[in-house]
Each structure stands twice: as structure tokens, then as C-alpha cells.
Amino acid sequence: MSNNKLDFARMRFYCDENRCIHCDGCSVACAEAHELPVEISRRKVITVNEGKQGMEFSLSVACMHCTDAPCEQVCPVDCFYIREDGIVLHDKNKCIGCSYCLYACPFGAPQFPKNGAFGTKGVMDKCTMCAGGPDETNSEHERELYGQNRIAEGKVPVCAAMCSTKALLVGDSESVSNIFRQRVMSSGHGTQSAPYGWDKAYGK
């Protein structure tokens, strides 16, 4: 192990496509917990290969809190910052709404609340992994701008907490990897060939 290695965990999201049933519980819980405006959707559930029998599966997608976040690299006012635990956050007081981050992000995580004249989009919003922002922890101002700071309270992000099939995993990379490895091994034959649906959820 390198002496230069940080002693902090690198926090990650992972959606197990074998378990996701596209119930949208994660996106609804996120919007409700953070009191998001209608125009903002920090977390979305998408379906891949929709309509193709045996190939269709769903994924819950939000900011993936990248190690070398492209949003941070293109921001002209340096409003992004990466915490020591790997959570990528931003300062809304610095954001100028230029949308560079939106074009750079492969996950479509940055959201903008307005669609005004001359391309006015308003200040950017995105998933904070329920870790708040640069303002005082659990202050009224932090909650108003960034939503709940569940990480500071020792809780998991609300989207993962509300996932009914535990498809959405969050935590340090090693822990998430271990959980998924145990799921694969317990299936008895490597990876599951079909997504986690009603028959598996209810034992039919």
C-alpha cells in the first residue's frame, strides 16, 4: 500500500441492473427530501434496450462523483470541488450558469432550473450524494441551497435508503465491490441472465 494513499474512502454509487425494477422510488425520494423544484431532477431512472425481450434493463443515474470529474475540469469559475472522500460538490454562489459542465458530463448530471430568454439557465444544481455544500454544515442556508446533509449525520443518501430492491448501492468502492461480489457468488452461476423483476422480488 502506498504511503501517499489517502486514508479516506472514495465514495461511489453503483446501480445493480439485475435488481432495478424502474419504480422511480430513488428519484422521488431525492426530490422530496431535498425539496427540489419541478425543473430539477438530480436522479433519473433510465431503461436500456426498451421493448427488446430479454435485453431490457433499468438503471438509476445521477452524478457519479468521478475521480477526475470532467465538470470540474471545464468550469471557468472553479465552482466545483472534490472532498477528500471523493464526493464532488459545487458552490452555487460561484456558478454563472454557463452550462460547460452539462456538456462535459457523460451522465447528464448537471441540472438548470430555468429556460429563459437569451439562454438564461440559472444556477446549476446536481446530486450532492446528500453531502450538502460549502456552507456551514446543516445550516438553514446549506439546506436551502443544497438540500439535506445526510452524510454529516452518518446516514446513507436518501435514494439508496429508499431503494426497495437494494439495487442502488452507495459507499466506499471496496464495500460496494464486496456487496456486488457476494450477490454474484450467491446466484450460483455467475451473473444473472435476466433483470430482477416481479417474479424474483415476490418469489414466484
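Six salt bridges are counted in this structure, a salt bridge being a side-chain nitrogen of Lys or Arg within 4 Å of a carboxyl oxygen of Asp or Glu. The model is predicted, so local features need pLDDT of at least 70 and side-chain atom pairs count only at pLDDT 80 or more, while totals for chains, interfaces and linings use all residues. Residues are numbered from 1 along each chain as its sequence is written, and side-chain values use heavy atoms, with hydrogens and water left out.

I start with Asp16. Asp16 sits in the loop between β1 (11–15) and α1 (25–33); helices (H or I, at least four residues) and strands (E, at least two) are DSSP runs, numbered from the N terminus. Its salt-bridge partner is Arg183, with the closest N and O atoms 3.0 Å apart. Arg183 belongs to helix α6, so this pair ties together parts that are 167 residues apart in sequence. Asp16 is buried at 3% relative accessible area, and Arg183 is buried at 16%. Buried here means under 20% relative accessible area, exposed over 50%, and partly exposed in between (1.4 Å probe, protein chains only).

The side chain of Asp16 also has a polar atom 3.0 Å from the backbone nitrogen of Asn18. Leaving aside residues up to four places away in sequence, Asp16 touches Ala167, Phe180 and Arg183, where contact means heavy atoms within 4.5 Å.

Phe180 brings me to the rings. There is one aromatic pair in the structure. Tyr14 and Phe180 form it, edge-to-face, at 5.2 Å centre to centre and 65° between the planes. Tyr14 is in strand β1 and Phe180 in helix α6 (residues 173–186), so the pair links parts 166 residues apart in sequence. The rule is that rings of Phe, Tyr and Trp (its six-membered ring) pair if their centres lie within 6.5 Å, with planes under 30 degrees apart counted as stacked, over 60 as edge-to-face and the rest as tilted. Both residues are partly exposed, Tyr14 at 28% and Phe180 at 23%.

Now two other salt bridges. Arg83 and Asp85 meet at 2.6 Å, N to O; Arg83 is partly exposed at 25% and Asp85 buried at 15%. Asp125 and Lys92 also meet at 2.6 Å, N to O. Asp125 lies in the loop between α3 (100–104) and α4 (140–146) and Lys92 in the loop between β5 (88–90) and α3, so this pair ties together parts 33 residues apart in sequence. Asp125 is buried at 5%, and Lys92 is buried at 13%. Through shared partners, salt bridges join Arg42, Lys92 and Asp125 into one network.

How values were computed
A polar contact is a pair of N or O atoms within 3.5 Å; within protein, one must be able to donate a hydrogen and the other to accept it, and residues adjacent in sequence count only if both atoms are side-chain atoms.
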